[in-house]
Amino acid sequence: MEALTALQNTHRISVLVIGDVMLDAYLIGQVNRISPEAPVPIVDVQKQNKRLGGAANVAMNLTALGAQVNLAAVIGDDSAGGEIQHLLDAQAIKTAALIEVPNRKTTVKTRVISNGQQLLRVDEEQSHDLEERWTEILITRCQKIMSDEHIDTVIFEDYDKGTLTPPLIESILAICSEKGIKTTVDPKFRNFNRYTKVDLFKPNLNEMQEGLGIAIHKESDVSLAQAVKRMQEQLEPSISMVTLSERGVCFYAPDHAQAFQRIPAFEREITDVSGAGDAVIAVASVLLASDVPVWQIAAVANLAGGLVCEKVGVVTVELERLKAEWDNHAKVLAALMNSK
């Protein structure tokens with residue numbers, strides 16, 4: 001299926017997102033003076049808001065695309081956890097596998113913003129692995145969802161906050177393999193090498209370097225190709241895709257005519273990179289479920305990541321704008337791919 005057709009039929013796709021959720025809080029105001037107590041700016045707060053972050057933002061992006069979404073995660077028995085539940089309910093994201101764990105702090109990232117720029121971020125979190133009994137409950141809830149509903153794709157959204165433990169990863173991958181459900185991964189460092197034989201593995205450049213334990217020359221396509229091929233051989237995904245910030249995205253797919261390719265980014269006014277990876281994995285997962293050609297998956301996902309970077313804070317991709325962007329750039333990108 002071509003990408004544009006797939007984007008017009010996203011309502012047919014059902015996704016289960018499993019991973020670390022967090023609450024993104026914002027204090028927005030003006031800086032007019034420096035503190036007399038220390039050489040730091042004083043922010044006169046004029047607005048506050050709270051948004052879904054982490055795996056919950058991936059779920060939000062999927063909902064914005066029109067997909068049907070289940071979210072499996074843990075929250076604490078605190079006000080931030082309650083706020084996450086409230087925000088998910090408002091977006092009609094299914095939360096049968098959202099578990100409240102006593103004495104575990106909900107992750108909150110508070111960003112202080114002035115004049116469209118982030119001045120400071122304060123994190124509140126507990127990142128140790130989820131206890132065994134709660135992991136077992138989460139696995140059971142996910143298994144029930146995959147048995148009771150048609151799920152096209154499972155996304156592992158890993159922020160190293162402890163939800164995705166090795167036993168959970170192993171169990172869910174086995175269930176997906178048995179049921180023929182596609183799997184996509186947005187990894188961090190702790191479990192990088194545990195996601196083997198998935199359908200799509202999507203680290204960013206830094207995560208790939210750390211995960212493989214090698215130095216990569218970002219400006220060299222030869223260096224990138226060698227690293228991605230090594231990752232492909234080590235983890236054996238069907239598709240390896242790496243986001244490269246201003247250099248775009250590259251992918252390695254053994255079944256593709258030319259296994260390694262890099263797709264450049266289009267020039268944009270970048271305001272905030274927060275949440276770009278969430279948009280990329282959401283779009284890539286939906287297109288993968290629709291059997292879109294791999295280069296189009298990478299290209300459209302890359303466009304989505306660029307679009308959310310044009311706005312301050314963690315925001316979701318806009319489906320109509322994404323379709324318009326793809327319509328504008330598809331011929332150029334197709335010609336580029338055919339020329340390689």
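Predicted model: local features only at pLDDT ≥ 70, side-chain atom pairs only at ≥ 80, totals over all residues.
Residues are numbered from 1 along each chain as its sequence is written, and side-chain values use heavy atoms, with hydrogens and water left out.

**T184**

I placed T184 in strand β9 (residues 182-186). Strands (E, at least two residues) and helices (H or I, at least four) are DSSP runs, numbered from the N terminus. T184 has a relative accessible area of 0% and is buried. The classes are buried under 20% relative accessible area, exposed over 50%, and partly exposed in between (1.4 Å probe, protein chains only). I also found a polar contact of 2.8 Å between the side chains of T184 and S285. A polar contact is a pair of N or O atoms within 3.5 Å; within protein, one must be able to donate a hydrogen and the other to accept it, and residues adjacent in sequence count only if both atoms are side-chain atoms.

**The sheet**

I traced the strand order of an open sheet of nine strands as β5-β4-β1-β8-β9-β10-β11-β12-β13, with mixed pairing. The edge strands are β5 and β13 (260-263), each pairing on one side only. Two strands pair if DSSP finds at least two bridges between them.

Strand β4 (residues 68-76) runs parallel to β1 and is joined to it by five bridges; V15 has V69 as its bridge partner in β4. Strand β8 (residues 153-157) also pairs with β1 in the parallel sense, over five bridges, and there G19 is partnered by E157. β8 in turn is joined to β9 by five bridges, again parallel, with D186 as the partner of E157.

How is β1 covered on its faces? S14, L16 and I18 on one side and V15, V17 and G19 on the other are all buried. Six of the six residues of β1 (residues 14-19) are buried, so the strand is largely enclosed by the rest of the structure.

**W326**

I found W326 in helix α10 (residues 319-339). W326 is buried, at 5% relative accessible area. Leaving aside neighbours within four places in sequence, W326 is in contact with A3, L4, W295, Q296, A299, V300, L303 and L333. Q296 is 30 residues from W326 along the chain, and their C-alpha atoms are separated by 9.4 Å.

**Positive phi**

Most residues other than glycine have a negative phi. I noted two non-glycine residues with a positive value: N103, with phi near 65°, and E236, with phi near 60°. N103 lies in the loop between β5 (94-101) and β6 (108-114) and is exposed at 72% relative accessibility. E236 lies in the loop between α7 (221-235) and β11 (239-243) and is partly exposed at 46%.

**L120**

I placed L120 in strand β7 (residues 117-124), where L120 is partly exposed at 46% relative accessibility.

Key. Contact = heavy atoms within 4.5 Å.
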